[in-house]
Amino acid sequence: MSDSPVEKTPIIKLEGLSIVLSDQLIIKDASFSIDHGDFIYIIGENGSGKTTLVRAILGLIPIKSGKITVCKKHALIGYLPQESNLDPNFPATVEEIVSTGNLGKMRLRPFYKSAEKSATKNAMKLLRIDSLAKKKFVNLSGGQKQKTLLARALTSSPDILILDEPSNNLDAVSRKDIYHALETLSEQGQTILLITHDPERLNLKHSKTIEIKDKVTHVYA
Amino acid sequence: MLNLLTEIFSYDFLTRAFLAGALISIVAALVGVTLVLKKSAMIGDGLSHTALSAFTIATALGFAPLWFSLPVVIITSFVILKLSTNRKFRGDAWIAVLAAGSLAIGTLTASLTTGINVDFTSFLFGSILAVSTQEIILSLIVAIVCILLYLFSFNRIFAITFDEEFARSIGIKTNLYSAIFSIICSVIIVLGMRLLGTLLISSLLIFPTLTAMQLSRTFRGVVFSSVIISLLAFAIGFVLSYALNAPTGASIVVVNLIFLLFAFISHQLLHKT
């Protein structure tokens, strides 16, 4: 979705990053870079710190030591958190939710213009949920909800798309749709960071794997 | 009916109370949508009990109750905000502690100083006689601020209410919005408490949103209907309280309750068919 050409220049660099939460060391001395066009898997056992690591990259939690450098000025990050955090009965339509992805690039402008409206439409089309635009979030299936949230992340035209276990609890069709969309995006040069605990099943072309084991990150090309 | 309305608005104090109440109803409905949907509706309860304590202490010490309680309630709302975002604490339990603690302190202060007198009961159950011009001006200011905030930040407020973490990740200043909401909520609790009383003010934040959620499927629809329902319930409750010589706060809450029950039953019936 990003307009940037596909080249191996870093967007974000992590150097000696350590994260401590509730007096517990979660990530120790992590160093790697996320380059333009990368498709990175972040793998590790449940509770290994995968989500904590991306939350630190997103600036949602403080870091203990080290450095996160955002190399591109005003880099936009599209984020798909784990769905379980959201209120499934929230009164909102698919279109309302997907549109909010645009807000990051609108600075202080209050209303959506035609560019944002078409970004919303395109994202919904890519994930095959355009027919659900006016449907209420509460009436969607798990897969449709997840696609809605992914479409929201895409509308931000992100430099990096960060996805936290997007296929959790999904049926086979929805999972296939989501991974098909990711493959298409990756081929278009979109930088993607995908948290998964089940990389073998995905079978997607990816450029890098970051494994978190015993608080330490291991990077495999 | 027209005669009744003419009679009500021929009294200055009733006109003042109606104006202040209508403005507070609009703001409470707007802020209430976010509080209810973020599952933080109990904040209103906690703050109203703190406001009662502050009002009582101010009366006992001879301070102006409004100007003493406003900063106290605003500071308390920031404390609640901090506690509710800290994973180590259970925010809801702390709100209950704050509510009970404040009410106890307020009651003790009242009984040890001026006694449980008219002032104290009017703080508990509200009194339309208590609304001053100063409070109408403050209600007008907070209503203008709140309406402008919703007009120009509607999409951002929606994003924060639906998914605060995502909103923060795309650069929306969620902490700033939370702070503004805390201040607005504190001001309407303090102002509304004069009219509805400690025991009923938080209902103004909750009922209209719950009713609106039965009627609308979009966030925009819920916000809009919530304001209309809140205003309508206030106006009907206010006129009824005058006509029946009943307490204003309780009348408004009962009308809100009837609206909610009617909307809930209609929603259930429509979804069954």
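I take axes as lines fitted to C-alpha atoms, for helices over the stretch in contact, with angles from 0 to 180 degrees between N-to-C directions. Helices are DSSP runs of H or I with at least four residues, strands are runs of E with at least two, and both are numbered from the N terminus.

This is a predicted model, where local features need pLDDT of at least 70, side-chain atom pairs count only at pLDDT 80 or more, and totals for chains, interfaces and linings use all residues. Side-chain values use heavy atoms, leaving out hydrogens and water.

**Chain B, a helix pair.** I looked up α3(B) (residues 42–61) and α10(B) (residues 198–215): their axes come within 9 Å and cross at roughly 145 degrees. Which residues of α3(B) meet α10(B)? I found G44(B), D45(B), S48(B), H49(B) and L52(B) on the α3(B) side, against T198(B), I201(B), S202(B) and L205(B) in α10(B); contact here means heavy atoms within 4.5 Å.

**Chain A, a covered helix.** Next I checked α1(A) (residues 50–57), and seven of its eight residues are buried (under 20% relative accessible area; exposed is over 50%, partly exposed in between, with a 1.4 Å probe and protein chains only). Among the buried ones are L53(A), V54(A) and I57(A). Just after α1(A), G59(A) has a positive phi of about 80 degrees.

**Chain A, positive phi elsewhere.** Most residues other than glycine have a negative phi, so I noted two more entries. S22(A), not a glycine, has a positive phi of about 50 degrees. S22(A) sits in the loop between β1 (10–21) and β2 (24–35) of chain A, and is exposed at 58% relative accessible area. R128(A) has a positive phi near 55 degrees, in the loop between α3 (114–126) and α4 (142–155) of chain A.

How values were computed:
Residues are numbered from 1 along each chain as its sequence is written. Chains are lettered from A and ligands numbered from 1 in the order in which they are written.
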